[in-house]
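Then follow the contacts to the ligand.

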Amino acid sequence: MAKAKKQKILFVGGEALPFAATGGLGDVLGSLPAAVAAAAPENDVRVVMPLYAQIGKIWREQMKEEAIFTVQLAWRNQYCGVYSLVKDGVTYYFIDNEYYFKRDTLYGCFDDGERYAYFCKAVMDMMPEIKFYPDVLHAHDWQAALSVVYLHTLYRRAPGYENMRSVFTIHNIEYQGKYDFGILQDVFALNFEQYSLMNYGGCINLMKGAIQSADIVSTVSPRYAEEICTPEYSHGLYHCLCDNAYKLRGILNGIDYTYYNPAIDSVIEKNFDVKTIKGKYANKTALQEKLGLPTDEKIPMLAIISRLAAHKGLDLISEIAYNLMENNDAQLVVLGKGEARYEQFFLSLQQQFPGKVRALIEYDRDLSKRIYAACDIFLMPSKSEPCGLSQMIASRYGAIPVTRETGGLYDSIKGYYEADGEVIGNGFTFANYSADELRERCEAAIALYHRPRKRRALIEKIMNTDFSWNVSANSYLDMYRTLL
Ligand code: GLC
């Protein structure tokens with residue numbers, strides 16, 4: 001066999017675990033690069049993200065200074081430090097500038113446009129400083145979109161960049177980075193020649209610029225790749241995506257199978273795997289006890305672990321929750337924060353059903369794992385879901401997902417039934433965005449819970465479904481190969 005050609009890949013993104021994250025993007029940038037590196041050890045895989053104030057001391061102590069230089073962003077000359085550390089075979093770079101990245105939150109600042117323009121410019125200018133020019137620049141979401149735009153415009157002819165190819169991955173099309181044209185030159189350091197590249201509906205649209213500039217555009221599930229080419233799901237970008245459909249592809253995310261592993265997870269009450277599913281019930285009774293719920297492994301426990309936002313299907317849940325709790329001997333545990341109306345809703349549901357419902361209005365990764373390990377049924381009725389990771393984590397911890405057939409939920413969870421004693425599918429799913437359909441599927445899942453033999457067969461099937469990066473890491477490698 002011919003020796004595989006070595007590829008240099010640089011992932012660019014606004015967050016990566018375990019350093020700093022706000023959502024699923026952090027999970028992916030914290031595990032996909034290592035999976036790509038493991039699947040093709042001849043490759044050189046690196047990641048770059050901002051050095052946020054939120055990145056803890058344990059990581060900072062391991063960092064090495066790589067370079068210090070000045071980044072020019074329009075008329076600004078800004079300090080830039082580059083630090084690095086190696087983790088799981090991947091070199092992570094951190095762009096240091098306290099003026100931009102020492103903030104209370106990762107995103108949501110008034111000057112996000114300037115902050116991430118600086119970040120992307122720094123990524124491009126870092127390459128000669130650290131003497132690393134990737135073959136593939138792989139940018140994720142709007143925060144990294146300008147790196148692809150800069151490569152395509154300002155850097156294309158510069159030595160070292162001529163043959164660099166680019167991939168832009170959309171994790172969520174809702175957040176596009178839209179700005180007024182007044183700042184094209186002054187903040188984004190682009191000029192009038194790039195007007196039509198950046199223009200979408202009369203304003204600057206960073207995501208649109210990246211879609212247009214990238215050699216390949218990918219998204220995080222095959223189904224979402226189809227959905228975002230329709231008006232219903234594209235948040236206005238479908239014209240641009242239809243024009244670029246020839247370079248669009250969908251690759252389903254995986255999850256980190258070492259971090260999410262009930263057999264060795266040190267934060268859960270009792271370890272278990274598919275052969276020792278009984279152990280799961282020790283996790284359930286421990287959580288019931290901790291939350292002050294009736295301790296009884298026979299009561300099915302439903303769970304929601306989610307940002308409390310409408311598109312996660314919480315309006316459907318709020319429509320059915322009261323009746324579901326009233327009519328069934330079941331428990332519901334909710335973990336997450338978000339829109340005040342949903343926080344309020346779950347808190348009052350807890351007041352109405354003190355012996356059945358717990359609303360934990362917070363975000364805590366360890367606690368989330370204890371809930372995945374404890375619950376029997378996991379609800380995720382999203383209105384749209386680019387990929388979704390929670391349904392995969394729930395499956396790994398033996399909880400039965402109830403999901404709506406959209407985006408990555410459609411690609412990962414298939415409706416359950418039995419044919420000739422064989423289990424088909426791996427969850428309860430419904431098609432329409434309807435509270436009735438959700439209620440019906442929840443009740444079907446609760447009914448199955450009371451049939452231990454069938455329940456066990458389904459849980460075995462679910463826990464045996466492979467949601468690791470094994471498959472998708474190779475799809476990414478194939479994609480990179482087509483570029484070179
Ligand atoms: C975003 C999407 C989510 C996806 C994640 C990682 O958070 O909303 O569906 O799983 O990115 O790609």
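Domain 1 and domain 2 bury about 1,300 Å² between them, and carbon and sulfur atoms give 57% of that area. Buried area here is the accessible area (1.4 Å probe) that two parts lose on being put together, summed over both. The size of an interface is often given in this way, as the accessible area lost when the parts come together. On the domain 1 side, Arg223, Tyr233 and Leu252 lose the most area to domain 2. Together they make up 35% of what that side buries.

This is a predicted model, in which local features need pLDDT of at least 70 and side-chain atom pairs count only at pLDDT 80 or more, while totals for chains, interfaces and linings use all residues. Residues are numbered from 1 along each chain as its sequence is written, and side-chain values use heavy atoms, with hydrogens and water left out.

Where do the domains run? Domain 1 covers 8-254 + 470-483, and domain 2 covers 279-464. These bounds come from an automatic or database domain assignment. The domain centres, taken over C-alpha atoms, are 33 Å apart. Domain 1 brings 17 residues to the contact and domain 2 brings 18, with contact meaning heavy atoms within 4.5 Å.

Now turn to the polar links. Six residue pairs across the interface are in polar contact, both residues at pLDDT 80 or more. A polar contact is a pair of N or O atoms within 3.5 Å; within protein, one must be able to donate a hydrogen and the other to accept it, and residues adjacent in sequence count only if both atoms are side-chain atoms. On the side of domain 1 that touches domain 2, α1 (24-39) and α8 (222-227) are the elements that give two or more residues. Helix α8 gives the most, with four residues. Helices (H or I, at least four residues) are DSSP runs, numbered from the N terminus.

One salt bridge crosses the interface. A salt bridge is a side-chain nitrogen of Lys or Arg within 4 Å of a carboxyl oxygen of Asp or Glu. The side chains of Arg365 and Asp27 form such a bridge, at 3.7 Å from N to O. The structure holds 22 salt bridges. Arg365 sits in helix α13 (residues 365-374) and Asp27 in helix α1, so this pair ties together parts that are 338 residues apart in sequence.

A polar side-chain atom of His171 lies 2.6 Å from a ligand oxygen. For Asn172, the corresponding distance is 3.5 Å. Gly388 places a backbone N or O atom 2.8 Å from an oxygen atom of the ligand.
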